[in-house]
Protein chains: 2
Amino acid sequence: MAALQKLLVDVHTHVYLPRYASLLRARLNAPRILTRSTPSGQTEDRLLILDDEPSGGRPVGAQYWDREEKLKFMDKHGISVSFVSTANPWLDFLPFSDAQVLAQELNADLETYCSTSPSLSPTLKRLYGFGLLPLVPGAPASALAPAVSQLASNHPHIRGIILGTRGAGAGLDDPALEPLWGALAETGLVVFLHPHYGVGAPAWGARENGHVLPLALGFPFETTIAITRLILAGVLDRHPNLRILLAHSGGALPQLSSRLASCITHDPEVAGRLKHDARWYLGRLWFDAVAYGAAELGFVSEAVGRAERYASVSGKAVGEQEARRSGSQRMVFGTDHPFFPPLGESEKWQSVVENLEAIGEVEAWSEEDKDGVRGGNAMRLFGLQ
Amino acid sequence: MAALQKLLVDVHTHVYLPRYASLLRARLNAPRILTRSTPSGQTEDRLLILDDEPSGGRPVGAQYWDREEKLKFMDKHGISVSFVSTANPWLDFLPFSDAQVLAQELNADLETYCSTSPSLSPTLKRLYGFGLLPLVPGAPASALAPAVSQLASNHPHIRGIILGTRGAGAGLDDPALEPLWGALAETGLVVFLHPHYGVGAPAWGARENGHVLPLALGFPFETTIAITRLILAGVLDRHPNLRILLAHSGGALPQLSSRLASCITHDPEVAGRLKHDARWYLGRLWFDAVAYGAAELGFVSEAVGRAERYASVSGKAVGEQEARRSGSQRMVFGTDHPFFPPLGESEKWQSVVENLEAIGEVEAWSEEDKDGVRGGNAMRLFGLQ
């Protein structure tokens with residue numbers, strides 16, 4: 001098992017499986033893939049995720065759907081195992097009946113994608129997956145728990161689900177979703193909470209800033225709101241075994257967590273609903289290490305590791321360095337592939353190199369802590385060791 | 001001067017001067033102060049800041065307008081000097097002509113409020129102020145630089161301005177505001193950038209969470225977007241002497257700053273406009289220490305102190321501890337008084353105690369660093385030593 005501690009494991013890596021890419025190509029409005037002519041007379045495929053996509057969308061190609069491209073990318077960066085998830089917007093734009101059929105088909109596709117991937121050992125493949133649920137606007141609550149059970153029973157290489165923030169249309173704090181959380185907690189599937197819509201667009205202003213504001217700020221804001229609403233709704237109190245992995249290191253949740261706790265304290269009706277100080281819940285979550293900087297990672301681990309101080313009963317004193325070390329155990333490397341591709345023909349992707357360097361540079365982390373963030377923590381989280 | 005190093009200085013403390021409170025009382029829609037009967041037959045004043053204010057607004061009383069209450073609050077918490085600013089929404093809701101007259105009147109009121117406050121020494125008062133500019137939707141750009149000059153010349157106790165995020169209606173990256181930044185940089189007035197509208201309201205959902213989501217998340221998101229837009233517009237490149245103080249420790253800017261840098265790198269048109277990596281600009285800003293937690297403060301100081309690494313020319317290696325110490329020099333204590341009042345009859349305000357304890361608990365900071373954050377840095381920033 002010692003060798004597994006050294007694996008590099010990517011928990012944040014996306015795919016549009018061929019069946020999904022075909023669907024996007026057949027559509028006439030966003031989300032869609034369209035083919036257009038370039039000024040030089042060539043053709044190129046562009047991905048339009050949102051109706052008001054900046055810069056005419058982004059280039060899209062084989063790295064989005066071809067498994068060989070995923071494996072090449074992994075080899076180039078020394079990634080042993082990847083937990084692949086459908087990229088946003090998942091099935092959000094479909095009516096429930098279509099979403100239900102497509103979720104089953106895409107989960108079966110993903111199971112094959114993973115189960116037929118190269119083996120690292122008799123019990124370890126190079127590819128695992130996050131499945132899809134037909135959790136779209138209007139989805140009947142009664143369909144969700146069965147979908148979770150079916151996913152968990154039939155797809156051994158699917159170890160979690162990827163989840164947007166809208167739920168069945170009313171967000172993730174919708175009381176109708178209670179059976180969903182119960183089923184997810186029971187199966188042990190990891191919930192990868194990921195943004196799509198962004199938050200803040202009316203405040204971006206008139207200047208042309210490309211994708212910078214929606215991606216750098218709008219995405220993490222969306223995740224921050226979604227997990228905060230889950231906390232405020234008591235979902236983490238009622239489902240202590242629920243395992244939620246937050247994209248992009250939890251967005252702004254760590255930095256705003258003490259402010260959140262203070263605002264809750266000053267709103268007794270809200271405070272009275274919760275079992276613990278808001279900061280306690282950060283210790284129940286997992287965070288990918290997709291933050292591009294060592295200071296950010298060290299801080300997230302401290303915000304996670306300090307959580308025990310804030311238990312409502314027998315809170316424990318936890319020092320800064322101790323918090324940073326223990327908190328690292330809930331952080332897991334990710335790349336966000338195939339987004340943020342290199343600008344030039346460089347051998348490695350800068351976005352990946354930065355995230356790996358950041359892990360290496362967190363001063364408070366021991367080599368063992370760093371190995372955990374690079375791979376060991378993910379293997380443990382997903383039950384692979 | 002050594003004694004001044006030990007002063008506790010509050011840079012984030014608000015007032016509705018009597019003239020402003022009267023205006024709010026005369027209004028029939030938000031922002032307004034209304035008097036209502038309580039179930040027990042008493043009357044109470046409520047402050048409605050926004051049209052859709054949660055919880056029917058908040059209680060408002062003498063602590064908002066009575067200088068004696070401000071001084072009592074300061075005495076209770078050992079605060080020697082306060083830099084008082086009008087609370088949001090300032091003059092945003094007025095037509096320019098009204099805003100221009102009222103800004104002059106309120107600045108004169110504030111000068112009197114400060115200049116007639118108790119003295120700590122022959123050259124030091126207990127109260128200083130941030131003034132108001134008539135920067136409201138539709139304000140003519142030609143009026144702004146003269147208003148800055150007039151403010152700086154005539155009001156020696158007004159050491160800065162408080163600024164919302166909407167500018168003349170198109171945000172702070174509006175090219176029409178260029179003369180404003182020039183005038184502010186020239187006079188040395190500190191720009192206190194403060195949220196009001198919040199960002200993200202459509203994503204709050206249907207559950208009743210009081211003020212928690214708009215205050216804990218929406219406010220810092222708004223500040224984060226505003227300062228990011230200023231950076232992206234090159235304002236900090238063109239006005240290196242501009243001194244901007246960010247409310248609530250910069251919101252989410254520090255935690256998202258490496259992601260911001262990465263997104264800019266992947267958008268060459270945006271990157272080409274900027275002189276430096278996004279993280280460099282954090283070293284040019286000031287941050288209040290209103291974050292309610294030691295981990296947050298330590299992280300903000302690290303994000304500020306590491307900025308020199310990211311200079312486009314001759315970036316310097318800066319270690320984690322070194323960054324945390326040097327970054328602390330741009331952090332300044334604040335209380336957000338009279339918001340977040342105590343729930344009970346406790347002697348001290350919990351929100352203030354938490355912020356003071358947080359400063360004391362940052363492990364990387366020396367006693368000298370902590371004294372700086374408590375007061376010395378503010379005295380230096382505002383030219384009082």
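In chain A of this predicted model, 73% of the contacts between residues at least 6 apart in sequence join residues that are at least 24 apart. The chain contains 14 helices and 13 strands, and its radius of gyration of 20 Å is close to the 21 Å that the globule rule gives for 385 residues, so chain A is as compact as a globular protein of that length. Taken along the principal axes, the C-alpha atoms of chain A fill a box of roughly 65 × 50 × 45 Å. Of the 385 residues in chain A, 64% are buried.

The contact between the two chains draws on 71 residues from chain A and 71 residues from chain B. Within chain A, the residues that lose the most area to chain B are A:R207, A:Q255 and A:R259, which together account for 14% of what that side buries. Between them, chain A and chain B bury about 6,000 Å², with 58% of this area on carbon and sulfur atoms. Polar interactions are also found across the interface, where 29 residue pairs are in polar contact. The elements of chain A that give two or more residues to the side touching chain B are α6 (212–232), α8 (253–265), α9 (268–271), α11 (294–305), α12 (320–327) and α13 (350–361), and among these α6(A) gives the most, with 13 residues. By class, that side of chain A comprises 35 nonpolar, 21 polar and 15 charged residues. Four salt bridges are found across the interface of chain A and chain B. A salt bridge also joins B:E320 to A:R324, with the closest N and O atoms 3.5 Å apart.

In chain B, B:S301 lies in helix α11, which spans residues 294–305, and is buried, with a relative accessible area of 0%. A polar atom of the B:S301 side chain lies 2.8 Å from the backbone oxygen of B:G298. When residues up to four places away in sequence are not counted, B:S301 touches B:A323, B:R324, B:G327, B:S328, B:M331 and B:W365.

Over all chains, the count of salt bridges comes to 34. One of them, in chain B, is formed by the side chains of B:K6 and B:D371, with an N to O distance of 2.8 Å. Because B:K6 lies in the segment before β1 (9–15) of chain B and B:D371 in helix α14 (residues 367–381) of chain B, the pair ties together parts that are 365 residues apart in sequence. In chain A, A:K6, A:D371 and A:R374 are linked in a network of salt bridges.

A further salt bridge in chain B is made by the side chains of B:R19 and B:D109, at 2.6 Å from N to O. This pair links distant parts of the chain, with B:R19 in helix α1 (residues 18–26) and B:D109 in helix α3 (residues 96–115), 90 residues apart. B:R19 counts as partly exposed at 36% relative accessibility, and B:D109 is likewise partly exposed, with a relative accessible area of 23%. In chain A, the side chains of A:E44 and A:R36 meet in a salt bridge with an N to O distance of 2.9 Å; A:E44 is partly exposed, at a relative accessible area of 23%, and A:R36 is partly exposed, at 34%.

Conventions: Residues are numbered from 1 along each chain as its sequence is written. Chains are lettered from A and ligands numbered from 1 in the order in which they are written. This is a predicted model: local features need pLDDT of at least 70, side-chain atom pairs count only at pLDDT 80 or more; totals for chains, interfaces and linings use all residues. Side-chain values use heavy atoms; hydrogens and water are left out. Contact means heavy atoms within 4.5 Å. Buried area is the accessible area (1.4 Å probe) that two parts lose on being put together, summed over both. A polar contact is a pair of N or O atoms within 3.5 Å; within protein, one must be able to donate a hydrogen and the other to accept it, and residues adjacent in sequence count only if both atoms are side-chain atoms. Helices (H or I, at least four residues) and strands (E, at least two) are DSSP runs, numbered from the N terminus. Ala, Val, Leu, Ile, Met, Phe, Trp, Tyr, Cys and Pro count as nonpolar, Asp, Glu, Lys and Arg as charged, and the others, Gly among them, as polar. The radius of gyration is taken over C-alpha atoms; the globule rule is 2.2 Å times the number of residues to the power 0.38. Buried means under 20% relative accessible area, exposed over 50%, partly exposed in between (1.4 Å probe, protein chains only).
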